[in-house]
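Please read these notes with the sequence and the 3D view open beside you. They are numbered so that you can check each point in turn.

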Amino acid sequence: MIITENQIWDRFNTVKPISIDAKWYEDIYSLELSIQLRFAIGERLGLLADKGWEATKSLIEKYGFQPELIHASGLCHQIEAYNVLLMLLREGSIPKINIVRALSCWGAIIPTPDLINILKEKSIDMRLAGLNLLRFKSHLLNATEILKLVEDLLDDFREEVVIEVIKILQRRDETKIIKCISQVAMNGTDQTVETALIALGSIGTEESVIALSSLCRHLTNRSHRKMAYKQISHQYQYS
């Protein structure tokens with residue numbers, strides 16, 4: 001019996017994803033389906049954990065590493081799926097961005113050499129996806145190790161990348177981290193300077209207050225100085 005896309009969507013809209021057997025998803029999957037529906041199938045397979053992974057693995061054997069099947073592999077949260085994704089990343093035989101995004105839930109265990117290679121990529125999507133992985137791994141690294149990973153990214157001409165780096169760094173309070181954020185506050189664009197000043201305020205240590213005080217004296221932009229003073233006042237308000 002042939003099932004139409006409308007019939008599939010109707011079932012998706014009336015039945016909870018986890019109430020549907022993984023084999024059914026496997027049976028209805030086809031490359032002739034719309035990409036939206038294929039991704040919907042992938043997401044539902046991901047919710048089925050080990051059973052979803054077994055069905056996804058069978059589909060990969062039949063259809064290859066389609067983007068929605070890579071996505072499903074990440075959502076399944078199975079260690080075998082992680083090993084397959086890591087192997088694909090190292091082989092470089094298919095677009096890396098899909099793999100890196102699928103690896104997001106394994107950020108804490110992804111090997112540092114692989115993370116370094118991801119962050120070295122020039123595309124903004126790859127760098128942001130790599131920084132998302134670093135969010136989960138940063139608590140396992142010391143300040144020197146983190147700065148080594150992100151030092152080139154702080155010079156990225158795209159504000160989105162620099163801002164994401166600052167948001168990761170602001171969760172630390174080491175001296176070298178504070179100095180690094182302070183340098184961005186001195187030399188960055190309006191948006192990155194603002195983010196850096198807020199980051200220093202959120203760190204909330206004596207050293208971060210000293211850094212903000214120094215910035216109050218040396219920042220040439222009046223609005224930046226005003227924001228630095230504001231961050232200092234927050235420290236005293238909540239101390």
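1. Some terms come first. A residue is called buried when its relative accessible area is under 20%, exposed when it is over 50%, and partly exposed in between, using a 1.4 Å probe and protein chains only. This is a predicted model, in which local features need pLDDT of at least 70 and side-chain atom pairs count only at pLDDT 80 or more, while totals for chains, interfaces and linings use all residues. Residues are numbered from 1 along each chain as its sequence is written, and side-chain values use heavy atoms, with hydrogens and water left out.

2. Salt bridges. A salt bridge here is a side-chain nitrogen of Lys or Arg within 4 Å of a carboxyl oxygen of Asp or Glu. The model has eleven salt bridges by this rule. In one of them, Asp27 pairs with Lys23, with 2.7 Å between the closest N and O atoms. Helices (H or I, at least four residues) and strands (E, at least two) are DSSP runs, numbered from the N terminus. Asp27 and Lys23 sit four residues apart in helix α2 (residues 22–28), so about one helical turn separates them. In general, an α-helix has 3.6 residues a turn, so residues three or four places apart point the same way. Asp27 is exposed, at 51% relative accessible area, and Lys23 is partly exposed, at 43%.

3. A link between distant parts of the chain. Glu164 and Arg135 form a salt bridge with an N to O distance of 2.9 Å. Glu164 belongs to helix α11 (residues 159–169) and Arg135 to helix α9 (residues 124–137), and 29 residues separate the two. Both count as partly exposed: Glu164 has 22% relative accessibility, and Arg135 has 27%.

4. Arg158 is buried at 17% relative accessible area, and Asp156 is buried at 9%. Elsewhere, Glu54, Lys57 and Glu80 are joined in a network of salt bridges.

5. Cysteines. How many disulfides are there? With a disulfide taken as two cysteine sulfur atoms within 2.5 Å, the count is zero. For Cys76, the nearest cysteine sulfur is that of Cys105, 9.6 Å away. Cys76 is buried, at 2% relative accessibility.

6. Helix α8 (residues 112–120). Its buried residues are Asp114, Leu115, Ile118 and Leu119. Seen down the axis of α8, they fall within an arc of 135°, so they line one face of the helix; the arc is that of the directions from the helix axis to the C-beta atoms. The face turned away from this buried side carries the exposed residues Pro113 and Lys120. The buried residues of α8 pack (contact means heavy atoms within 4.5 Å) against α6 (79–91), α7 (96–102), α9 and α10 (143–150).
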